[in-house]
Amino acid sequence: MKNSKSADSLNDFEKYFDSIKSLLLQRFNFNIPKAFVKTYGCQQNVYDSEKIKGLLHKMGCNFVQTCEEADIIVFNTCAVRKNAEDRVFGNVGALKTLKKKNPQMIIALCGCMTEQEHIVNKIKETFPFVDLVFGTNYIRRFPDFIYEFLTHEKHLFKTKIDDDLLCEGLPIKRENKFKAFLPIMYGCDNFCSYCIVPYVRGREKSRASIAILNEFSQLVERGYKDITLLGQNVNSYGKHLDEDINFAQLLKRLDSIPGDYWIRFMTSHPKDATRDLIDVMAEGEHICHHLHLPVQSGSNRILNLMNRRYTREKYLEIVYYLKEKIPDISITSDIIVGFPGETYDDFCETLSLVKEVEFSSIFTFIYSKREGTPAAEMEDSIPYEEKSAWFKELLELQNSLTGKICKRHIGKIVKVLVEGRSTNKKSLTARTQGNIIVDLSGSNELIGKFVKVKITDVQGCFLKGELI
Ligand code: 5AD
Ligand code: SF4
């Protein structure tokens with residue numbers, strides 16, 4: 001909140017929030033304003049929304065579960081694929097009637113979509129009832145924008161990426177009491193040819209290791225059990241920092257903090273996944289034996305067009321080293337089907353790689369054209385129906401492999417973290433280090449705790465277990 005009415009001292013900081021609080025109270029007839037924050041997309045957005053909620057809480061808001069009940073609505077958007085954008089537009093459109101009923105309502109859009117000029121233009125033209133639009137680097141200034149809006153009552157559009165500032169020291173309202181996300185870096189320098197992220201999140205910026213260590217230690221002290229380090233490419237952590245540190249070293253330092261917890265991290269780019277990192281994972285006390293290593297395609301020709309900067313052979317080399325050092329490693333991946341110019345032969349290379357690696361699960365996406373990326377200019381002649389058929393073929397293959405991998409767990413005793421009740425409320429759902437879901441019977445008191453279970457059966461992509 002620098003460059004604004006907020007001042008450096010804590011006192012002024014509190015006074016600043018108090019003044020926003022009273023302006024909001026006045027606006028809503030001295031009722032405590034009710035806020036609703038909806039998150040689209042990835043874990044980074046989940047974390048950003050927790051910061052937005054932390055700020056709204058400090059501005060005196062309570063939280064509600066639906067738009068219909070809310071006075072302040074924030075949509076934190078995702079731009080990675082077109083269907084995510086379409087969903088946002090559909091949901092924003094539906095707010096028009098709510099705003100008519102409650103004209104004092106404040107509607108804000110933020111996140112990756114808002115960093116694209118054509119999207120901002122569309123919002124201005126089609127959704128004039130949206131009050132505030134702010135970009136991915138502006139979360140720290142959200143209170144300033146609310147203040148400005150409340151005092152001038154004019155629409156605000158603040159979306160230019162500002163690469164220099166990191167969002168440190170903001171309040172946060174975490175939804176989960178035992179699982180947490182912790183960003184270690186922001187942005188991306190890789191420019192994979194299909195991907196919009198480098199354009200909407202800006203250049204890579206690593207957080208100082210001391211800030212990460214402090215936040216991590218606090219989470220452990222507060223009893224968090226499953227902490228996921230976040231970054232678009234965690235393996236390039238530290239590249240632009242003054243301190244001499246890389247991701248493997250950071251991970252080792254975090255792992256040395258005493259406590260009963262697991263560390264995960266995502267996402268790792270295969271071009272930067274080092275043997276050092278795998279060695280640290282193998283030797284670590286708290287580091288989950290799980291690596292999310294997006295391969296995107298098994299064809300060298302397509303990997304080259306995607307600008308991924310590794311080959312199928314290099315990827316498999318990492319996989320074999322991982323399996324040698326960590327025999328119970330669970331590898332997961334992202335795969336894009338139907339990249340421009342991809343042929344069925346290229347796709348078959350992906351199928352064969354999937355068989356060779358034996359991923360425990362994969363996230364599969366049909367290529368989505370993103371305006372402004374190099375791939376959007378490439379010839380894309382394969383009809384969507386054909387891509388959908390390939391997609392289905394890949395899913396069927398993976399389902400059979402997941403079943404096969406799950407069966408290997410039968411009879412084993414594993415440590416799991418109990419996460420909650422299953423959707424039918426009859427059983428508990430827990431997660432293994434390898435990110436596989438286990439269904440078991442037990443009381444709610446176990447939620448948020450590590451327990452040992454014996455795996456007794458497999459149901460589709462899930463394991464069934466018994467407490468021991
Ligand atoms: N189309 C389809 N999938 C995409 N991803 C990123 N950009 C696109 C796109 N344009 C996928 C990649 C990435 C994951 C987060 O989203 O697989 O790893
Ligand atoms: Fe996108 Fe590639 Fe960066 Fe991942 S590494 S965010 S896929 S550009």
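Two strands count as paired if DSSP finds at least two bridges between them. Helices (H or I, at least four residues) and strands (E, at least two) are DSSP runs, numbered from the N terminus. Keep that handy for the first stop.

This is a predicted model: local features need pLDDT of at least 70, side-chain atom pairs count only at pLDDT 80 or more, and totals for chains, interfaces and linings use all residues. Residues are numbered from 1 along each chain as its sequence is written, chains are lettered from A and ligands numbered from 1 in the order in which they are written, and side-chain values use heavy atoms, leaving out hydrogens and water.

**Stop 1: the sheet**

Select residues 72–77 and 106–111. These are β3 and β4, a parallel pair with 6 bridges. Zoom in on Asn76 and you'll find Cys110 of β4 opposite. Now widen the view: 6 strands make an open, parallel sheet in the order β2-β1-β3-β4-β5-β6. At its edges sit β2 (62–63) and β6 (156–158), each pairing on one side only.

**Stop 2: ligand 1**

Now look for N or O atom pairs within 3.5 Å. Oxygen atoms of ligand 1 lie 2.7 Å from a side-chain N or O atom of Gln296 and 2.6 Å from a polar side-chain atom of Asp334. At Ser368, a backbone N or O atom is 2.8 Å from a nitrogen atom of the ligand. Taken alone, ligand 1 exposes 400 Å², and the protein buries 85% of that (Shrake-Rupley method, 1.4 Å probe).

**Stop 3: ligand 2**

Move on to ligand 2. Around this one are Cys188, Asn190, Phe191, Cys192, Tyr194, Cys195, Val197, Pro198, Gln232, His269 and Arg308.

**Stop 4: Arg312**

Finally, select Arg312, in helix α12 (residues 312–325). Is Arg312 buried or exposed? It's buried, with a relative accessible area of 11%; buried means under 20%, exposed over 50%, partly exposed in between (1.4 Å probe, protein chains only). Its side chain reaches the backbone oxygen of Glu349 at 2.7 Å; for a pair like this within protein, one atom must be able to donate a hydrogen and the other to accept it, and residues adjacent in sequence count only if both atoms are side-chain atoms. Leaving out residues up to four places away in sequence, Arg312 touches (heavy atoms within 4.5 Å) Gly298, Asn300, Leu303, Glu349, Ser352, Leu353 and Glu356.

Methods. A residue is near a molecule or strand if one of its heavy atoms lies within 4 Å of it.
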